[in-house]
Amino acid sequence: APSTAIPFMAVPERLTNDPYNTKFPGDVGFDPLGIAADNYMKEVLANFGVEFDPMRWYREAELMHGRVAMLATFNVVTRSTPLAAFLPDQLLEQEAMLQFVQLMAILEGYRGWRLIVDKDKIAGDIGLGGGPRRGAALKQLAMKQYRELQNG
C-alpha cells in the first residue's frame, strides 16, 4: 500500500498509515530513514526484563518537542510586543530557574514512567484532565494529536 505522506513509497514496517489510529495517532507512513524498523532500544531493554515500544517513545518525543517549540515561539513573539512589560524580568527568572528545572525533571520522570508502565496510554497524553478515554473520546484525542503533529 502506498504511503499517505509519500505516495510513491511503500508504507515502512511497523507503521499503520492511518493518521486516526488510536494506538499510534498521526501515522501517515512517513519514515524514509527506517527508524521505525530499528529494534535496538527494544532489545537492550528486553535484556533487563522491560517491555518497551520504541514507537510510542518516538511519538512522545515528537509531540513534546513540538510543544516546547510552540511555547518558545510564543515567548519570542510576546517579548517583541508591548506585553513584554508584564513578563517576569531577568532577576526573577534567574531565581526561579532551579524551581523550574525541578518541576520539569518531575514531569519528565512521570512521562517516562508512564510510557514504560502504562501500556494503554496514548503517547503525548499525560492524563491531566478528561479522565479515562474510551471509544469516541479516544478517537477525538487521536484526531487532535494528528492535527497537532501536522500543524505544530
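This is a predicted model: local features need pLDDT of at least 70, side-chain atom pairs count only at pLDDT 80 or more; totals for chains, interfaces and linings use all residues.
A polar contact is a pair of N or O atoms within 3.5 Å, of which, within protein, one must be able to donate a hydrogen and the other to accept it. The side chain of Arg-59 makes such a polar contact with the side chain of Glu-62, at 3.1 Å.

The chain has 152 residues, of which 26% count as buried. There are 4 helices and 0 strands, so that, read from the N terminus, the order of elements is α-α-α-α. Among contacts in the chain with a separation of 6 or more, 54% are between residues 24 or more positions apart. The mean pLDDT of the chain is 79, and 89% of the residues reach at least 70. Confidence is highest in helix H2, at a mean of 84, and lowest in helix H3 (residues 90-117), at 79.

Helix H2 covers residues 54-79, which is 26 residues. Its expected span is 1.5 Å times one less than the number of residues. The buried residues of H2 are Pro-54, Met-55, Arg-56, Arg-59, Glu-60, Leu-63, Met-64, Gly-66 and Thr-78.

Arg-59 is in helix H2. Is Arg-59 buried or exposed? Its relative accessible area is 7%, and because buried means under 20%, Arg-59 counts as buried. Leaving aside residues up to four places away in sequence, Arg-59 touches Phe-24, Pro-25, Gly-26, Asp-27, Ala-123 and Leu-149.

Arg-79 also lies in helix H2. The relative accessibility of Arg-79 is 37%, which is why this residue counts as partly exposed. The side chain of Arg-79 makes a polar contact with the side chain of Asn-75, at 2.9 Å.

Helix H4 (residues 136-151) contains Gln-145. At 2% relative accessibility, Gln-145 is buried. Which residues does Gln-145 touch, not counting those up to four places away in sequence? They are Pro-25, Leu-63, Arg-67, Ile-122, Ala-123, Gly-124 and Asp-125. Pro-25 and Ala-123 are on this list, and both are also among the residues that Arg-59 touches. Leu-63, another residue that Gln-145 touches, is one of the buried residues of H2.

Asp-125, which Gln-145 touches, is in the loop between H3 and H4. With a relative accessible area of 15%, Asp-125 is buried. How many residues apart in sequence are Asp-125 and Glu-60? The separation is 65 residues, while the distance in space, C-alpha to C-alpha, is 8.5 Å. Glu-60 is a buried residue of H2.

The segment before helix H1 (40-46) holds Asn-17. Asn-17 is a residue other than glycine with a positive phi, near 60°. The relative accessibility of Asn-17 is 18%, and because the cut-off for buried is under 20%, Asn-17 counts as buried.

The last topic is empty space inside the model. Rolling a probe the size of a water molecule over the atoms shows where such space is left. The structure holds 1 cavity of 30 Å³ or more. The largest cavity has about 30 Å³ of space. Which residues line the largest cavity? The lining consists of Ile-6, Met-9, Ala-10, Pro-12, Gly-29, Phe-30, Asp-31 and Pro-32.

How values were computed
Residues are numbered from 1 along each chain as its sequence is written. Side-chain values use heavy atoms; hydrogens and water are left out. Helices (H or I, at least four residues) and strands (E, at least two) are DSSP runs, numbered from the N terminus. Buried means under 20% relative accessible area, exposed over 50%, partly exposed in between (1.4 Å probe, protein chains only). pLDDT is the predictor's confidence in each residue, from 0 to 100. Contact means heavy atoms within 4.5 Å. On a 1 Å grid over the protein atoms alone, a cavity is a set of points where a 1.4 Å probe fits but cannot get out, and a pocket is an open set with protein on both sides within 12 Å along at least five of seven lines; lining residues have an atom within 4 Å of a point. Grid points are joined across faces, edges and corners, and a volume is the space filled by probe spheres set on the points.
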